[in-house]
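Visitor: Please take me closely through one part of this model, and then lead me on from there to the places around it.

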Amino acid sequence: MDTPVSPLGPDVLERDDLRRALDEHDFAAAFALIKKWAGLSQNKIATACDLTPGKISNIISGRHHVTSITVIRRIADGLGIPGTLLGLAPRSWENHSRHPPAPTEERPPSEEVPWRPDATVGLADDLTRSDLVINRRAATRALSAAAVTGTALLDALDGWLQPASAEDKPRHRGRLGERDLNALEATARAFRTWDHQYGGGLRRKAILGQLSEVAAALEEHQRAPIERRLYGVMAQLAGSAATMAWDAGQQRRAQDYYRVALRAAHAAGDTHFGANVLAGMARQMLYVNHPQDALELVRLAQDGVRTSAGPRLRAMLHTREAWAYAAMGRHAAFHRATRHAEAPCRPPPESKSPTGSTTSTPPNLPA
């Protein structure tokens with residue numbers, strides 16, 4: 001069935017109960033109210049939001065909770081809901097009309113955007129815009145949003161092991177030069193130092209603003225070497241934003257930025273930084289008591305750098321692997337992974353350190 005151009009009328013959007021449900025991201029109540037007052041069936045809501053009818057049914061019944069910023073953005077655009085009602089930045093179509101036009105391009109059928117560089121830029125832009133205008137109530141929701149775990153987390157990362165897909169849209173030519181890139185890279189390193197020293201707060205807003213500027217620069221077609229380095233800057237900034245969100249207790253939002261960092265590293269061809277991002281995600285899973293997911297993330301990182309990792313990176317990944325085994329009570333596997341972690345960094349016998357200690361996390365990379 002065709003998606004209506006304006007599925008919700010102004011009288012529906014002005015209802016206090018619907019506005020309250022949207023503000024609280026209570027999509028079970030919101031979809032039920034839309035069914036009742038806008039006369040939309042579950043199939044029509046699913047079509048408009050590019051979700052399956054089964055997913056809409058699970059949301060309405062309370063068996064599934066929407067926390068993905070990508071899906072929330074899709075709901076806003078599909079049903080013509082102004083961004084401010086959902087804690088988002090104003091949507092681009094709001095500058096032209098109250099409701100968006102019918103979709104003119106095919107959107108991804110799943111909850112995850114494709115592993116294309118331009119899609120990564122769009123994801124970063126949406127995240128930073130919504131975070132930079134977030135209000136207190138939306139911040140409270142971000143604190144309560146649980147981290148994604150299990151197959152919903154792991155399946156979305158499969159593209160890490162595949163080559164980046166080609167972009168499919170024309171772009172204006174950019175004018176960023178070598179000097180500009182040097183300054184951006186120095187800024188990203190400085191922000192990483194801020195993260196280690198001070199955590200989140202106002203400094204996180206500065207990082208998000210810089211990340212938004214980098215995303216804007218990547219909307220243009222830069223020279224290939226410049227563009228690759230720009231994606232590297234985006235990966236570092238997103239990694240800093242992720243750890244700062246984690247420090248602030250925003251586990252779900254930290255995952256959003258970790259994914260941007262991983263995708264940006266993928267677009268930059270920097271598999272070593274990407275492996276460190278996955279190690280940071282694994283550490284987060286250990287923190288929320290999901291060691292099996294942590295182990296799978298470490299294995300995904302190891303698969304991506306199996307032929308290129310140096311001894312330090314291999315040792316760090318084996319250390320994270322050992323942490324996961326320890327949390328699972330798998331003692332033999334823990335000792336095996338620990339031996340593997342020690343082996344790549346063990347110095348020659350004549351210069352062996354008396355402590356035999358190793359460093360688990362390279363500097364200036366996601367923890």
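Guide: Let us begin with Asp50, which sits in the loop between helix H4 (42–49) and helix H5 (53–61), where helices are DSSP runs of H or I with at least four residues, strands are runs of E with at least two, and both are numbered from the N terminus. Residues are numbered from 1 along each chain as its sequence is written, and side-chain values use heavy atoms, with hydrogens and water left out. The model is a predicted one, in which local features need pLDDT of at least 70 and side-chain atom pairs count only at pLDDT 80 or more, while totals for chains, interfaces and linings use all residues.

Asp50 is not a glycine, and yet its phi is positive, about 60°. Most residues other than glycine have a negative phi. A second case is His25, again a residue other than glycine with a positive phi, near 55°, and His25 belongs to the loop between helix H2 (16–23) and helix H3 (27–38). With a relative accessible area of 23%, His25 is partly exposed, a class that lies between buried (under 20% relative accessible area) and exposed (over 50%), worked out with a 1.4 Å probe on protein chains only.

An α-helix has 3.6 residues a turn, so residues three or four places apart point the same way. The side chains of Arg252 and Asp256 meet in a salt bridge, with 2.5 Å from N to O; the term asks for a side-chain nitrogen of Lys or Arg within 4 Å of a carboxyl oxygen of Asp or Glu. Arg252 is buried, at a relative accessible area of 4%, and Asp256 is buried too, at 2%. Salt bridges with shared partners tie Arg252, Arg253, Asp256 and Arg259 into one network.

H13 (residues 251–268) also has a neighbour in helix H14 (residues 271–287), for the two axes come within 8 Å and cross at roughly 165°. These axes are lines fitted to C-alpha atoms, for helices over the stretch in contact, and the angles run from 0 to 180 degrees between N-to-C directions. H13 and H14 are therefore roughly antiparallel, since angles over 145 degrees count as roughly antiparallel, under 35 as roughly parallel, 65 to 115 as roughly perpendicular and the rest as oblique. Where the two helices meet, H13 brings residues including Ala254, Tyr258, Arg259 and Leu262, and H14 brings residues including Phe273, Val277, Leu278 and Met281. The residues of this contact divide into 11 nonpolar, five polar and one charged, where Ala, Val, Leu, Ile, Met, Phe, Trp, Tyr, Cys and Pro count as nonpolar, Asp, Glu, Lys and Arg as charged, and the others, Gly among them, as polar.

The structure holds 11 salt bridges. In one of them, Arg229 and Glu185 meet through their side chains at 2.8 Å, N to O, and this pair links distant parts of the chain, with Arg229 in helix H12 (residues 224–247) and Glu185 in helix H10 (residues 178–198), 44 residues apart. Arg229 counts as partly exposed, at 22% relative accessibility. Another salt bridge joins the side chains of Arg19 and Glu14 at 3.3 Å, N to O; Arg19 is partly exposed at 29%, and Glu14 is partly exposed at 44%.

Stepping back to the whole, the protein has 17 helices and zero strands, and 47% of its 367 residues count as buried. Among contacts between residues at least 6 apart in sequence, 72% join residues at least 24 apart.

Methods
Contact means heavy atoms within 4.5 Å.
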